[in-house]
Amino acid sequence: MGLLSKLTGKVTPQKKPTDDALLLHGMLLMCGADGSFDEAELPTVESYFAQLPEFEGKEFGDVYQEAVKILKRFPSLKDSVKALGDLSSQLVKNKAYLLAADIAMSSGDVDEQEDAMLEAMQRVLNVEDSLATKILEVLTLKYARA
């Protein structure tokens with residue numbers, strides 16, 4: 001058995017129904033890290049949504065509406081980061097961090113607001129520094145211009 005098989009054969013995270021909306025909320029937070037959400041960023045989030053097993057068989061619009069409800073419970077975008085703490089397991093929290101970091105880096109330019117948002121997410125999600133570093137190192141390779 002190769003390394004890829006060993007790693008992909010790991011346990012699938014158990015999740016609550018609200019995890020779907022919270023994962024999407026985390027991705028949307030990164031898109032809106034600069035204080036406003038640009039509708040042009042929505043296709044990027046939708047493409048992630050279409051690829052992730054958590055969202056299989058689900059309609060983007062339905063989960064998006066649930067994510068918007070989460071946002072409306074808080075006075076600001078930055079305050080709504082706290083909601084991510086409700087994700088059901090550390091495995092799902094780590095995935096939320098990975099997705100947010102991937103979205104931040106996919107734009108090609110990570111600005112101060114995105115950096116601050118990712119740091120806030122790391123705290124709320126309790127992502128260990130060593131894992132966060134690994135994630136960012138791999139994503140740096142993914143988005144490096146060769």
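Leu-136 is partly exposed, with a relative accessible area of 29%; here buried means under 20% relative accessible area, exposed over 50%, and partly exposed in between, with a 1.4 Å probe and protein chains only. The model is predicted, so that local features need pLDDT of at least 70 and side-chain atom pairs count only at pLDDT 80 or more, whereas totals for chains, interfaces and linings use all residues. Residues are numbered from 1 along each chain as its sequence is written, and side-chain values use heavy atoms, with hydrogens and water left out.

Leu-136 is placed in helix α7 (residues 129-143). Helices (H or I, at least four residues) and strands (E, at least two) are DSSP runs, numbered from the N terminus. Not counting residues up to four places away in sequence, Leu-136 touches Tyr-97, Ala-101, Met-105 and Leu-118, where contact means heavy atoms within 4.5 Å. Leu-136 and Leu-98 are 38 residues apart in sequence, and their C-alpha atoms are 8.3 Å apart in space.

The secondary structure of the protein consists of seven helices and zero strands, which gives the pattern α-α-α-α-α-α-α along the sequence. Of its 146 residues, 38% count as buried. Contacts between residues at least 6 apart in sequence join residues at least 24 apart in 75% of cases. The accessible surface of the protein comes to about 8,900 Å², and 54% of this area belongs to carbon and sulfur atoms. Accessible areas come from the Shrake-Rupley method with a 1.4 Å probe, and for residues only the protein chains shown count as cover.

Two packed helices are described by the angle between their axes and the distance between the axes. Helices α5 and α6 (residues 112-125) pack at an angle of about 175°, with their axes 10 Å apart. The axes are lines fitted to C-alpha atoms, for helices over the stretch in contact, and angles run from 0 to 180 degrees between N-to-C directions. The two helices α5 and α6 are therefore roughly antiparallel to each other; angles under 35 degrees count as roughly parallel, over 145 as roughly antiparallel, 65 to 115 as roughly perpendicular and the rest as oblique. On the α5 side, the contact is made by Gln-90, Lys-93, Ala-96, Tyr-97, Ala-100, Ala-101 and Ala-104. On the α6 side, Glu-114, Leu-118, Met-121, Gln-122 and Leu-125 take part. By class, the contact of α5 with α6 has eight nonpolar, two polar and two charged residues. In this classification Ala, Val, Leu, Ile, Met, Phe, Trp, Tyr, Cys and Pro count as nonpolar, Asp, Glu, Lys and Arg as charged, and the others, Gly among them, as polar.

A search of the whole structure finds five salt bridges, a salt bridge being a side-chain nitrogen of Lys or Arg within 4 Å of a carboxyl oxygen of Asp or Glu. One of them joins the side chains of Asp-20 and Lys-58, at 2.3 Å from N to O. Asp-20 lies in helix α2 (residues 18-31) and Lys-58 in the loop between α3 (42-51) and α4 (60-72), so this pair ties together parts that are 38 residues apart in sequence. Asp-20 is buried at 6% relative accessibility, while Lys-58 is partly exposed at 35%.

The side chains of Glu-54 and Lys-95 also meet in a salt bridge, with an N to O distance of 2.8 Å. This pair links distant parts of the chain, with Glu-54 in the loop between α3 and α4 and Lys-95 in helix α5 (residues 90-106), 41 residues apart. Glu-54 counts as buried at 8% relative accessibility, and Lys-95 is partly exposed, with a relative accessible area of 22%. A further salt bridge is formed by Asp-79 and Lys-82, whose closest N and O atoms are 4.0 Å apart. Asp-79 is partly exposed at 25% relative accessibility, and Lys-82 is exposed at 55%.

Phe-74 is found in the loop between α4 and α5 and counts as partly exposed at 21% relative accessibility. Leaving aside neighbours within four places in sequence, Phe-74 is in contact with Asp-79, Ser-80, Lys-82 and Ala-83. Ser-80 is likewise found in the loop between α4 and α5, and Ser-80 is buried, with a relative accessible area of 0%. With its neighbours within four places left aside, Ser-80 is in contact with His-25, Leu-29, Leu-71 and Phe-74.
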